[in-house]
Amino acid sequence: MIRLACLLALLGSAAVVCACGGYGDACPAAGTPEFAQHVAALRLAGPAGLEIALRRLAAAKGDEERAATQRLVDEVAGQRDAEVARLFWYTDLEQAKLAAAESGRRILSLRMLGKLTDEYSCANSRFFRTALYANAEISGYLRDHFILHWESVRPVPRVTVDFGDGRTLERTLTGNSAHYVLDAAGTPLDVLPGLYGPQAFHEWLERSHDLASRYAELSSETGRERVLQEYHTHRELVIAERLRADLAAVAPELLNPPTRSLQPQATSTELPRRHPTAMQAARVAVSKSLVEVKLVAPFAPAGETLAEQDDQFWQAISARHADEAKLDKRSVALMRGKVPREIAEAAMRATFSKRAVENPLLKIVGDFEHSLAVDGVRNEYTLHREIHDWFVNGTAPREVGPLNERVYAELFLTPSSDPWLGLTAGDAYAALDGGGLTEPPAAK
């Protein structure tokens with residue numbers, strides 16, 4: 001039986017050699033019982049176990065040994081491409097909560113389709129691994145300030161195109177992801193829906209960590225609720241003002257003047273005449289900010305109006321925030337290792353000949369940064385704006401499971417009640433038996 005004490009004793013060793021039930025210098029092949037046992041034992045050691053695996057990878061010799069050890073690193077970390085990110089992810093929320101309580105850190109919980117350890121997880125999570133977790137500043141900040149956790153909402157749909165000559169093209173379909181900041185007890189404090197650029201994501205992490213710290217300092221539920229509502233009210237105001245500035249530059253026709261009185265109106269945050277609750281009292285404390293939001297909001301179109309705008313509109317908006325999506329060197333290096341071989345070779349030739357303008361990798365990076373910027377502003381001005389409103393109005397579920405259900409159902413439009421994730425043809429005729437749908441046989 002492999003003991004945790006034995007693993008911890010290995011921290012000073014460059015090679016992973018566990019005499020109490022492990023293996024010798026060579027990393028066992030993936031898929032073998034020995035490999036699974038070593039992964040499980042190293043994961044028990046948490047981040048220290050990942051350090052052991054990374055040291056073993058640094059000492060690996062030969063392509064075969066390196067490939068096996070790289071797989072070990074990913075499995076121990078709970079994330080593909082862990083050699084670059086160097087992050088340890090829990091996959092059990094209770095274990096993450098225990099680690100958070102022991103370390104005094106907050107929890108960053110990722111909800112996604114598929115698994116973070118798989119090549120074919122949902123597209124957003126793959127982009128997270130490249131643009132966010134591989135980023136040097138972000139990965140360092142996450143290691144220093146958060147306990148990381150991920151959970152698969154459901155498997156990710158995959159499609160394979162067979163060209164009939166031995167060539168295939170495989171991709172994933174649909175699927176979205178969301179990051180949740182939780183306190184040590186697992187209470188959700190904010191949600192970042194979908195994909196953002198590195199700078200925008202890093203800034204959100206810092207704001208959320210500050211919120212979580214202030215939240216944890218208070219012992220009363222009333223005080224915590226007040227801090228939480230103040231934060232989300234302020235963020236609504238910031239988003240409204242930022243959106244107004246963007247629209248003034250790009251689409252001033254969407255800036256409609258307010259049609260109602262600017263005098264403070266009665267709202268649901270006011271105290272009732274009898275038996276006020278602590279929750280209601282906390283909301284009254286932020287009534288000034290709520291009024292400010294109501295004064296600014298009429299100038300910014302509703303989320304539905306923004307969602308109706310075309311790609312050209314969002315491209316113009318995102319151009320004003322291009323700096324929020326710039327990739328760092330580690331992310332670009334990771335991208336280089338994943339592009340088709342002919343593109344990588346052409347990029348290398350262009351680099352050697354100093355013809356950077358003809359470098360296809362630069363175009364791929366630039367296009368990816370552009371898509372990050374577009375997704376980031378679209379998600380912030382529509383989806384995240386709506387989430388802030390849930391917290392302000394007190395309708396955000398106070399447990400991460402139900403909150404995630406609402407995010408996927410109302411914002412991502414992929415409720416758990418739809419097993420086909422909106423990919424079926426509905427009542428449209430497909431000229432296929434059973435509409436082309438196949439379900440597993442019922443369990444007996």
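1. Arg126. In this predicted model, Arg126 lies in helix H7, which covers residues 123-133. Its relative accessible area is 22%, so Arg126 is classed as partly exposed. The cut-off matters for this residue, because buried means under 20%.

2. Surroundings of Arg126. Once neighbours within four places in sequence are set aside, Arg126 is in contact with Glu119, Ser121 and Thr172. Lys115 is eleven residues away from Arg126 along the chain, and the C-alpha atoms of the two are 10.0 Å apart.

3. Overall make-up. The protein has 444 residues, of which 43% count as buried. Its secondary structure consists of 18 helices and seven strands. Of the contacts between residues at least 6 apart in sequence, 71% join residues at least 24 apart. The accessible surface is about 22,900 Å², and carbon and sulfur atoms account for 53% of that area.

4. Aromatic pairs. Which rings pair, and in what geometry? Rings of Phe, Tyr and Trp are paired if their centres lie within 6.5 Å, and by this rule there are eight aromatic pairs. One of them joins Tyr141 and Phe146, with 6.3 Å centre to centre and 55° between the planes, a tilted arrangement. Planes over 60 degrees apart would count as edge-to-face and those under 30 as stacked, so an angle between these limits is called tilted. Both partners are buried: Tyr141 has a relative accessibility of 13%, and Phe146 has a relative accessible area of 3%.

5. A second pair. Phe313 and Trp314 form an edge-to-face pair, with centres 5.0 Å apart and planes at 80°. The relative accessible area of Phe313 is 8%, so this residue is buried. Trp314 is also buried, with a value of 0%.

6. Aromatic cluster. Three aromatic residues, Trp89, Phe128 and Tyr133, make up one cluster. Helix H7, where Arg126 is placed, spans residues 123-133.

7. Charges over rings. Where do arginine charged ends sit over aromatic rings? Arg167 has its charged end over the ring of Phe163, at 4.5 Å from the ring centre. The charged end of Arg406 is likewise placed over a ring, that of Trp390, at 3.9 Å from the centre.

Key: Residues numbered from 1 in each chain as written. Predicted model: local features only at pLDDT ≥ 70, side-chain atom pairs only at ≥ 80, totals over all residues. Heavy atoms only, no water. Phe/Tyr/Trp six-rings, centres within 6.5 Å; stacked < 30°, edge-to-face > 60°. Buried < 20%, exposed > 50% of the residue type's maximum accessible area, 1.4 Å probe, protein only. Lys NZ or Arg CZ within 6 Å of the ring centre and 35° of its normal. Helix = DSSP H or I, 4+ residues; strand = E, 2+ residues; numbered from the N terminus. Contact = heavy atoms within 4.5 Å. Areas by Shrake-Rupley, 256 points an atom, 1.4 Å probe, with all protein chains shown as cover.
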